[in-house]
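Subject: The structure for you to look at

Hi,

Here is the structure I promised to pass on. Please open it alongside this note, and I will go through what turned up.

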Amino acid sequence: MAIERVLITGAAGALGRVLRAHLRGRYTLLRLSDIAPMDPAGPGEEVVPADLADAPAIDRLLDGIQAVVHLGGHSVEGSWEQVLRANIVGLVNLYEAARKAGTERVLFASSNHAVGFHRRWPRTDHTAPPKPDSRYGVSKAFGEILARYYADKHGIKGFCMRIGSARAEPVDERQLSTWQSYPDFCRLVDVGLTAWYRYEIVYGVSANTRSFWDNSNAERLGYRPEDDAEAWASKLEGVKSPHLVDELHVGGPFCSVDFTGRVEDIV
Ligand SMILES: NC(=O)c1ccc[n+]([C@@H]2O[C@H](COP(=O)([O-])OP(=O)(O)OC[C@H]3O[C@@H](n4cnc5c(N)ncnc54)[C@H](O)[C@@H]3O)[C@@H](O)[C@H]2O)c1
């Protein structure tokens, strides 16, 4: 059945606003939700404020929705309280609501921080197991596993995007490897909304010359990124973290936050 009714959570956020503009006018209904203020609804849009931790509100939010692009949640390292509420309880609420609503697919904004304690080289691919570098990263690894469970148990298609650094421009040397341009982010979401799959992990990264990841799984599904952070190389080479633990691992600066271990023990 063709997808006509799409929900974006986190619609007030940086990526939510980019995606709202990209998907506008493409579907019969584009429902937009966030806990933060959003612009008023335009033609074909509905604006529905909701807290992901409020299960009855999320049940109502998913009513009639065929596909969700789930961007909402705590998007940086935070306390356990913050991460549990928005990213663990919130995600369980979202998936339960999707199950009850008969939603066909959920695109989940996972993160490179779910695998942040993998070494940068040699390159890894979508089969790299979770190796979170932060409480935030643990919540994203949980999200990937929850998506797997709902795919197998309830047939909800799961598309987990391990987003690197999705922003207008890369800002340091690491992001020459992890950057995803906004147009490439939209291209990846288009794949998630249209391709046939049951459960997939892909990387949200542009066609960077220095990418940490082999993203052939995304390419197999139809992703064709057009941008490369190498254009910023001369400006950003040498802009590094002062911490060795950050520079060795894909998660970069999240690795050293609260770090009390030994770099040589991370294997
Ligand atoms: N931008 C990146 O480089 C990047 C990288 C990896 C993963 N991601 C993930 O992609 C998603 C979007 O990222 P972003 O950069 O737009 O982040 P963002 O922080 O700008 O947007 C997240 C949105 O979620 C909303 N939110 C937070 N708690 C909520 C709650 N309890 N209920 C409802 N809404 C809530 C916030 O109000 C915010 O508008 C996030 O899930 C983030 O973890 C982003």
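This is a predicted model: local features need pLDDT of at least 70, side-chain atom pairs count only at pLDDT 80 or more; totals for chains, interfaces and linings use all residues.

The largest pocket has a volume of about 880 Å³. A pocket here is an open set of points on a 1 Å grid over the protein atoms alone, with protein on both sides within 12 Å along at least five of seven lines, and a lining residue has an atom within 4 Å of a point. Points are joined across faces, edges and corners, and a volume is the space filled by probe spheres set on them. There are 39 lining residues, and Leu15, Leu71, Ser75, Val76 and Tyr136 are the closest to the pocket's centre. Two or more lining residues come from each of α1 (14-23), α2 (55-62), α3 (80-101), β5 (105-111), α4 (135-154) and β7 (165-166). Helices (H or I, at least four residues) and strands (E, at least two) are DSSP runs, numbered from the N terminus. By type, the lining of this pocket has 17 nonpolar, 16 polar and six charged residues.

Residues are numbered from 1 along each chain as its sequence is written, and side-chain values use heavy atoms, with hydrogens and water left out.

There is also one cavity of 30 Å³ or more; a cavity is a set of grid points where a 1.4 Å probe fits but cannot get out. The largest cavity holds about 40 Å³ of space. Its lining is made up of His70, Gly72, Gly73, Asn87, Leu91, Phe108, Ser139 and Lys140, with at least two residues each from α3 and α4. Two of the lining residues are nonpolar, five polar and one charged.

Next, the strands. In β1 (residues 5-9), four of the five residues are buried, where buried means under 20% relative accessible area, exposed over 50% and partly exposed in between (1.4 Å probe, protein chains only). β1 runs parallel to β2 (residues 29-33), joined to it by five bridges; two strands pair if DSSP finds at least two bridges between them. Arg5 stands opposite Leu29 of β2. From β1 the chain passes through α1 to β2 in a right-handed β-α-β crossover, that is, one whose path from the first strand over the helix to the second runs clockwise with the strands pointing away from the viewer. β1 is also parallel to β4 (residues 67-70), with four bridges, and there Ile8 has Val69 as its bridge partner.

Now for the charged pairs: the structure holds 21 salt bridges, each a side-chain nitrogen of Lys or Arg within 4 Å of a carboxyl oxygen of Asp or Glu. In one of them, Glu46 pairs with Arg31, and their closest N and O atoms are 2.8 Å apart. Glu46 is in β3 (residues 45-47) and Arg31 in β2, so this pair ties together parts 15 residues apart in sequence. Glu46 is partly exposed at 31% relative accessibility, whereas Arg31 is buried at 10%. Lys240 and Glu173 also form a salt bridge (3.2 Å, N to O). This pair links distant parts of the chain, 67 residues apart: Lys240 sits in the loop between α8 (233-236) and α9 (244-248), and Glu173 in the loop between β7 and α5 (175-178). Another salt bridge joins Asp265 and Arg262 (3.0 Å, N to O); Asp265 is partly exposed at 47%, and Arg262 is partly exposed at 48%. Arg20, Arg24 and Glu45 form a salt-bridge network.

Finally, some backbone details. Most residues other than glycine have a negative phi, and most peptide bonds are trans. The bond from Trp121 to Pro122 is cis, with omega near 0°, and Pro122 is in the loop between β5 and α4. Asp258, although not a glycine, has a positive phi of about 60°. Asp258 belongs to the segment after α9 and is exposed, at 53% relative accessibility.

Best wishes

How values were computed:
Ala, Val, Leu, Ile, Met, Phe, Trp, Tyr, Cys and Pro count as nonpolar, Asp, Glu, Lys and Arg as charged, and the others, Gly among them, as polar.
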